[in-house]
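Visitor: I have a structure to read, and I am new to this. Could you walk me through some features?

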Amino acid sequence: VAIDLSRGGAKFYLTSMTPDVLFKTAKVSRVNEDVKAGFQRTLDETRAKRISKYLSENKIIPGAIILSCQYPEKLDYDKEKGTITFPTQEGLFLVIDGQHRMYGSFLAKESIEDLKIPICILSGLSRSEEIQYFIDINSNQKGVPKTLRIELTKYLVEEDSLDGTRLKLFEDLNSDENSPFYGRLSSSQKGRGYITHVPFEISFNRLLQISPLKDLDYDKKYQLINNYTLGVLKNLKEIGGEQRLYQATFFQAIFRVFEKSCSLAITYNGNYKVEAFESIFEVLQKIDYDAHSGTNEQSITNLEKDIFELLELEMRAKLTQQDLF
């Protein structure tokens, strides 16, 4: 069964194929194999295997594989029956878009009975037109922003799982008027003054799996994170730098010293109260933030290193002040 959607100079048919027929008739033209005429990217086997696994879980990929018929005279469309026929000939079609779905479906065919893949067939294209279609399709596709993908997973994860806990923290910290992050965590907005899911996930996926957070129930987790951040924020306000808390570089750096800071809070204050963290993070007032203006991984690491070293110096200073004997 096929639908004729032709218009203009090229023929255009919408149909379906089994992975076997698709694999026998379609070829991929790759740049690394044919520098002059190739235009497809090298196959990513891992990606193809992920698609195969996805299909094997009885899920559907609705996007059609786009093919260009290399021998238009061998396509026969019956308008009355609404069918299209063609010989099972190697190289009959050239893949314009969907090589990973093609290979993924072929890998999945053994575990799925009667698997069929949606196909768009273009016929009558020149090589330059094929390349132009490839460029147009891949240039105009816009991927879903990572922060939105993370936000949508809240409908899919178990409530008590790592992802579920992190997503709940994100939502609660953003909606609690007593939180330093009230209205400052955004699932979609990027720009100054907001922390999105991406740096939040990077920071908390690790912290939620280690002490002290992993040993606490949800309410205590939330309270510790809130107290910690309030202690940080109060010191930033002293130097008029409270906006730094909502910059991804500072946010990630300050939570990379979370373990050390919590250890210091218990050692010298015996608790995780706001006042304990406020005292510890007085060191934030000594940092030359003009020297930390970058946003890449190295910038985060450098800022983390400066904070950590100041915390170490603070620890040594307090040790010398204690009456050990």
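Guide: Start with a definition. The expected span of a helix is 1.5 Å times one less than its number of residues. Keep in mind that this model is predicted.

Visitor: How far does helix H2 reach from its first C-alpha to its last?

Guide: H2 covers residues 45-56, twelve residues in total. Its reach is 16 Å, close to the expected 16 Å.

Visitor: What sits at the ends of H2?

Guide: Aspartate 44 caps the N-terminal end. One of its side-chain oxygens lies 3.1 Å from the backbone nitrogen of threonine 46. Just after H2 comes asparagine 58, with a positive phi of about 65 degrees.

Visitor: Which residues of H2 are buried?

Guide: First the general idea. An α-helix has 3.6 residues a turn, so residues three or four places apart point the same way. Now this case. Ala48, Ile51, Ser52 and Leu55 are the buried residues of H2. They cover an arc of only 100 degrees around the axis, which puts them on the same side of H2.

Visitor: What do the buried residues of H2 pack against?

Guide: They pack against helix H3, residues 99-108. The face turned away from the buried side carries Lys49, Arg50 and Lys53, which are exposed.

Visitor: Now strands. How do I read their two faces?

Guide: In a regular strand the side chains alternate between the two faces of the sheet. Take strand E4, residues 65-69. Ile65, Leu67 and Cys69 lie on one side. Ile66 and Ser68 lie on the other. Both faces are covered.

Visitor: Why is E4 described as largely enclosed by the rest of the structure?

Guide: Because five of its five residues are buried.

Visitor: Which strands pair with E4?

Guide: E4 pairs with strand E8, residues 117-123, in the parallel sense over five bridges. Cysteine 69 stands opposite serine 123 in E8. Strand E7, residues 93-97, runs antiparallel to E4, and four bridges join them. Here serine 68 stands opposite leucine 94 in E7.

Visitor: Is cysteine 69 buried or exposed?

Guide: Buried, at 3% relative accessibility. Cysteine 120 is buried too, with a relative accessible area of 12%. The cut-off for buried is under 20%.

Key:
Residues numbered from 1 in each chain as written. Predicted model: local features only at pLDDT ≥ 70, side-chain atom pairs only at ≥ 80, totals over all residues. Heavy atoms only, no water. Helix = DSSP H or I, 4+ residues; strand = E, 2+ residues; numbered from the N terminus. Buried < 20%, exposed > 50% of the residue type's maximum accessible area, 1.4 Å probe, protein only. Arc of directions from axis to C-beta. Contact = heavy atoms within 4.5 Å. Polar contact = N/O pair within 3.5 Å; in protein donor to acceptor, adjacent residues only side chain to side chain. Pairing = 2+ DSSP bridges.
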